[in-house]
Amino acid sequence: MAWDFSTDPEFEERLEWMRAFVREEIWPIETIESEIGQAELDRIYAPLQERVKERGLWAAHLPPDLGGQGFGQVKLGLMNEILGTSIYAPNAFGCQAPDSGNSEIIALAGTPEQKERWLHPLLAGELKSAFSMTEPETPGSDPTQLRTRAVRDGDGYVLDGHKWFTSNGSIADFLVVMAVTDPDAKPHRRASMFIVPVDTPGVNLVRDVPNMEHPGQHFGMLGGHTEILYENVRLGSDALLGEEGDGFLIAQHRLVPGRIHHCMRWLGVARRAFDMLCERSVYRPVRGGVLADKQTVQNWIADSAAQMQAARLMTLHAAWKIDTYGSSAARMDVSLIKFFGAQVLHDVVDRALQAHGGLGYSTDMPLEKLYRYARHARFVDGADEVHRESVARQILKAYEAPEDEIPTEYVPARREAALRKFASLLDPVAVDG
Ligand SMILES: Cc1cc2nc3c(=O)[nH]c(=O)nc-3n(C[C@H](O)[C@H](O)[C@H](O)COP(=O)(O)OP(=O)(O)OC[C@H]3O[C@@H](n4cnc5c(N)ncnc54)[C@H](O)[C@@H]3O)c2cc1C
């Protein structure tokens, strides 16, 4: 019987190396990030990226023929738990969203020419990319309502639309844009994906939208979320990724394993907040002892440990299911971890911040930043409500209304049936009673 929770020692060694590397080389970047520009940040990254490449851990999410490692989702999940401890870590490992997802879909659906022009330089870290789907005017939770249009024009297309929250849009060299090509097709066949160089005439970067993570101006830096107007953008036929109408199909390939990585990264964040919570608890004096002596704080620690353990096992199990049976077999598991993991992240960071009081609210600790980061997890990557709805719908497929609407477990009816079943064995008093 195969049922194994161990990590093979050779891979564990690599994870150990990653833990030390991320903590010693990447975490320090966080403290100077707001004082430096993108060019300085790129200079800091360059030698770190070389070290990651030397270790054979670069772009590990891709198959070996594309320069990745072919690790599979369980190993990638374990790696992402470490990368999640700092928002600056994935970029040092060549698996920064949205570049990682974009490289996966170009690898999957791109022509040899598209791979040559976009994928290989992207993997080499020579180009940056963004994924442009969400629109201010339509619900991101239901992208079948997208309005951005790509209309056929001779051999190519003309693209018009309004997008926002295109992460890294203002530092990208090219954008993967989701646009409607056939508004009359079935909802999930309406949209197609296009590769659009950011310097194409008509691509207008309006701003990086100020938000909870970056409340001030942040244009042209890693982690900005860009508003873009596509106005009469002329594209050649070579811009189309996959076939017309394949947009959702391709997006699905990108999203399912991507959610494993997100959830494991959230656990990395949660673990960091948890360590801060525990450390604070053992020294902060309060009336009658230290925080750790208070049952409320003990409950926070125990509940956080239980939630993180549950989320971790659920996520690794979903990863194992993808590795063993493929993405579609793991759809419900991936929805479960999406909303559960997002809530765990939120709860653990919230408790750690609470335990730090004013210090937690201040920028002298990273907790207020983690809290703002944690908040978005509950609605991106499919709002939690949408995933819950999807899980419930799938579960309910196995149920049907009982005959005459009498519940299957209704005790009086079951008792009557039991009396009939055992009638020959029961004495008359018991039966009458
Ligand atoms: C930090 C960050 C990075 C992002 N990066 C990208 C990116 O790179 N590219 C990109 O294209 N987009 C990106 N987005 C956008 C993100 O994908 C959307 O914000 C998300 O899909 C939700 O869409 P929406 O904002 O339009 O909200 P809506 O779809 O309007 O939903 C709003 C709320 O309505 C509720 N809701 C929705 N549907 C249901 C339902 N069926 N049942 C019950 N309640 C429901 C939920 O509470 C939901 O939070 C990013 C967003 C953030 C915050």
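User: At what angle do helix 8 and helix 9 pack, and how far apart are their axes?

Analyst: Axes are lines fitted to C-alpha atoms, for helices over the stretch in contact, and angles run from 0 to 180 degrees between N-to-C directions. Helices (H or I, at least four residues) and strands (E, at least two) are DSSP runs, numbered from the N terminus. Here helix 8 (residues 295-325) packs against helix 9 (residues 331-361) at about 155 degrees, and their axes are 9 Å apart. This is a predicted model, in which local features need pLDDT of at least 70 and side-chain atom pairs count only at pLDDT 80 or more, while totals for chains, interfaces and linings use all residues. Residues are numbered from 1 along each chain as its sequence is written, and side-chain values use heavy atoms, with hydrogens and water left out.

User: Which orientation and handedness follow for helix 8 and helix 9?

Analyst: Angles under 35 degrees count as roughly parallel, over 145 as roughly antiparallel, 65 to 115 as roughly perpendicular and the rest as oblique. Helix 8 and helix 9 are therefore roughly antiparallel. A crossing is left-handed if the near helix is turned anticlockwise from the far one by less than a right angle, and right-handed if clockwise; that of helix 8 and helix 9 is left-handed.

User: How do helix 9 and helix 11 pack?

Analyst: The angle between helix 9 and helix 11 is about 140 degrees, with the axes 9 Å apart. The two helices are therefore oblique to each other, and their crossing is left-handed.

User: Which elements supply the shell around the ligand?

Analyst: A residue is near a molecule if one of its heavy atoms lies within 4 Å of it. Strand 1 (129-132), strand 3 (156-167) and helix 11 (384-396) each supply at least two residues of the shell, and the largest share, 3 residues, comes from helix 11. Of the 18 residues around the ligand, Phe131, Thr134, Gly140, Ser141 and Phe165 come nearest.

User: Where is the cis peptide bond?

Analyst: The cis peptide bond joins alanine 97 and proline 98, with omega about 0 degrees. Proline 98 is in the loop between helix 4 (89-92) and helix 5 (99-109).
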